[in-house]
Amino acid sequence: MKRHWVLMLGLAAIVGAATVVVSPTQAQAPRLGRNIKVGIVDTYSGPPAIFSNDALNGFKLALEDINKAGVLGARIDFVTRDEKFSPEIGLSMARDLVLQEKVDLLVGTINSATALAISAFAREQKVPFIVWISKSEAITGARGHRYVFSAGENTAMAGRAIAEFVSRRPYQKWWIGAEDYEYGHAVTNSFWRFMKRVKPEVTLAGQTWWKTGEPDLVPYLTAIMSARPDAVFFGTGGAGMSNVLKTMRAIGFAERVPSVIHTAIDYTALKPLGPNAPEGVMGTTDYLFYYPETPDNQAFVRAFQAAYGGPPGFPAFHGYNTAYFIAGAFRKAGSLDPERFIDALEGLKIKTPVGEVEMRTCDHQAVLPIFAGVTKKSPQFDFLVASNIVTLRGPEVMPTCDDIRRVRGQ
Amino acid sequence: MDLVTVGSQLLVGLSRAMILFIVSAGLTFVLGVLRVPNVFHGSLYMIGAFSAFSIATSLGQHPAGMWVAFVTAPVVVALVGLAVERALLSRLYQREHLMLILFTFGIMLILNDITKLIWGADYRSILPPPILQGSAIVLGVPVPRYSLFLLAIGPLAAVGMWLFTHRTQIGKLARAAAVDREMVALLGINVDWVFAGAFVAGAYLAGLGGALVAPSTSITLGMDHTIIIEAFLIVTIGGLGNIWGALLGALLFGITQSLGLLVWPQFTIVFPYLAAVAVLLVRPRGLLRSVW
C-alpha cells in the first residue's frame, strides 16, 4: 500500500514536470493534442523490398529533423506493414491500420495494384493516402479522387518526358520490347501515346513481349536487332531492367540500336551491375543523387549516406518529400482533421533536395522535374552514371488539368 | 525473314535450351529413380546461382573466379541436397505423391527464406569469365560468347550423364531401381544409399544449371518459380524420368520460343506452351518412354 502511494506521487511529479516543459509552445500555436500516426503499407520482403526500404529510409531521415522541431507540439510516429507484393494482403493491412491502429493517414506502396486497391479503400473511409513509389498513372489520373495523393512521378509523366527527350533525335521506325506486367504495359502505352502526339510521323515496326522473370533475353534482343529498327523503347524495371542491361552489354546492343528505358539512368538500376552496365543507353528518372549539384541536394545525400551507408535512390527522395508534405500540411491545417489536412496539402509547396515541389490541386500529383540522360562510365563511382543530363521541368511533362478531367470523365 | 536471321535465332534458342536441359535432367532423374516430384528443385537452382555469385565475388577480380564458381557451386548445392535428403526426404519415400508434392513444396518455401536470410532480397549480378565476355560475330550477327560456351557445355553434360548412368556402379543401380526397386533391394543392395546418391546427382545438376545461368541473368529471389514451372513442363513432354526426353523437351521449348520471336514477337510467350499442349495431345505420356 505504501509503495503504491509512492508510485502515485512519482507519477504526479512526472506529469507536472512535463506540463511545465511543454507549456511554453502551447501559448504560441494551436496544438494537435496528440502525436500524428502514419500507417505505412509496403513490400518489405522479396526483391521489391530494396525500393521500399529506400523510401522508408528517406522518410525516417526527414522525420528526425521534423520531430526535433515538432509539428504543432506533436511528433510524427509511424507503423509499417508488409504487404508481400500482394494487393489482397495490402488491402487488409490498410484496413487494420485504419480501423485498429487508428492511423491519421496511409502511405505506400511499391505495387501499383496495391496502391489502387488501398486508394479505393481510403476514399470509402475518407482517410488520406499518399502513394510514394508505384508509378501507375491511374492513381492520380483516371482513378484519382479527393483522398489520394502521389509524391513520385508516374507513367504518364515518364512517357511524356521520354517522348519529348527522344523526339529531338532523328528516329522514325521504332520497336517496343517490354516485360508483360502492369508497369511494363503502362509505361509502354504512355510512351507510345505521347510519342505519336509529339512526333506524328513515327511508325511502330513491331513489338516483342516477354514474361516477368524470363532468365535469358538473348533470343529476344537478337530478334529485335535483326529487325533493324531506328530505335527501341524498353518497357521494364527492377530486376527485369538489370537483365535487359546485361544482355545489351553482352551483344553490344546499344552500340548498334539506339535504346531508351525509363529509369535506365537511375542509381537503383545501375548499381547492381557495377562498372559492367552498358554505356550509351538513354534513360529518365525523377531523382539523381549527383545532379543537380546544389547545396540542398548535396546536404541531403551527405545526411542519407551518413545514416544508411549508401547514396539515396529515387524512392528515398520520394519518402523524404512525403514526410515534409505530411508535416507541412498538418502545420498549415492546424488540426488532425483529415478533411482540413487534405485542403492544406492541396497546392502545398515544399522545399526538396531538387528545389521547390508543389502538390498540384487538380489531381493531387507532385509536380516533379524529370531528368533525362545517357549512361556513361564514371571515374568517380564504381557504377555508371547519367551524362548529358537534360532537365524536363514538371509542367512540361505533366498531363494538363484538362487531360485529368477528361480521363476522369468529368 | 532471311536464312541468316533464322539461323542466328536457332543458335541463341539452342543455347537457352542447354540450361533448361541440365536443370530438367536433374528433375527427371530424381523423378524416375526416387518417384519424388521435387518441387524444391528450383530452389536448388537458385541456391546454385547465389552460391556462384558469392564464390566468384569472394575471389575478387581474379579472372579464374567464375571458373572456380562453375566447379564448386554445384558441389555446394549437392551437399545441401544431401543434407535435405538424409534429414527429411529419406523418411518419406513411402508416402503418396500428393504428400510428397506438399512436402517438397514446404521445403521450397523454407529454402527460399534461408536464401533470403543469407543473401538478402537484393538482386545480384556477375559476369562471365573474361574470355567469354562480349560477343562473337556468327553469320553476321553478334552472339554472346557465353551463349556459344553454353552450346558446348550442353552436349558435354549429356555425355557426362550418360557415362554416369551407364558406366558407374551407382548410376547403373539407380537405373535399375528406377525400373524395379524391390528387385534391387532383394539383391542385397542398400537402396537407401542408391536413392541418396541419385538425389545428390539431381541436386548437383540443379546447382550446375544455377551456376551456369548466373552470369547471363540477374540473380534474384523468385528465379526458382520460373524455372520449376518450365522444368516440370519439359519433363512432362519428354516423358517422366527419361533424361533424353528432357533433352528433347528442352530443345523443343527453347527453339519454339526463339523461332516464335520471328513469327509473332508480341505473343512469343505462348509458343513453348502451345508446343507442349500439341505434344501432350498427340502423345499424352510424353515424347519418349516414361519410366512411370
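**Group meeting: a hairpin, a buried glutamate and a sheet**

Okay, let's start in chain B, where strand β1 (residues 135-138) and strand β2(B) run antiparallel and are joined by four bridges. Strands here are DSSP E runs of at least two residues, helices are H or I runs of at least four, and both are numbered from the N terminus. Two strands pair if DSSP finds at least two bridges between them.

Quick housekeeping. This is a predicted model, so local features need pLDDT of at least 70 and side-chain atom pairs 80 or more, while totals for chains, interfaces and linings use all residues. Residues count from 1 along each chain as its sequence is written, chains are lettered from A and ligands numbered from 1 in the order written, and side-chain values use heavy atoms, without hydrogens and water.

Back to our hairpin: two residues sit between β1(B) and β2(B), and L139(B) in the turn has a positive phi of about 55 degrees. S135(B) has P144(B) as its bridge partner in β2(B). Now, which way do the residues of β2(B) point? V141(B) and V143(B) go one way, P142(B) and P144(B) the other, and all are buried, meaning under 20% relative accessible area with a 1.4 Å probe, protein chains only. In a regular strand, side chains alternate between the two faces of the sheet.

Next up is E230(B), in helix α9 (residues 223-238) of chain B. Buried or exposed? E230(B) has 1% relative accessibility, so it counts as buried. Its neighbours, by contact (heavy atoms within 4.5 Å), include R16(B), F253(B) and Y273(B), leaving out residues up to four places away in sequence.

α9(B) packs against α11(B) at an angle of about 30 degrees, with the axes 10 Å apart. Axes are lines fitted to C-alpha atoms, for helices over the stretch in contact, and angles run from 0 to 180 degrees between N-to-C directions. α9(B) and α11(B) are therefore roughly parallel, the word for angles under 35 degrees. The contact uses E230(B), L233(B), T236(B) and I237(B) from α9(B), and Y273(B), A276(B), V279(B) and L280(B) from α11(B).

Last stop, chain A. Seven strands make an open sheet with mixed pairing, in the order β7-β6-β8-β9-β10-β13-β14. β7 (203-210) and β14 (385-392) of chain A are the edges; each has a single partner strand, so one side of each lacks a neighbour in the sheet. From one strand to the next, the twist averages 20 degrees.

Terms used:
Buried means under 20% relative accessible area, exposed over 50%, partly exposed in between (1.4 Å probe, protein chains only). Angles under 35 degrees count as roughly parallel, over 145 as roughly antiparallel, 65 to 115 as roughly perpendicular and the rest as oblique.
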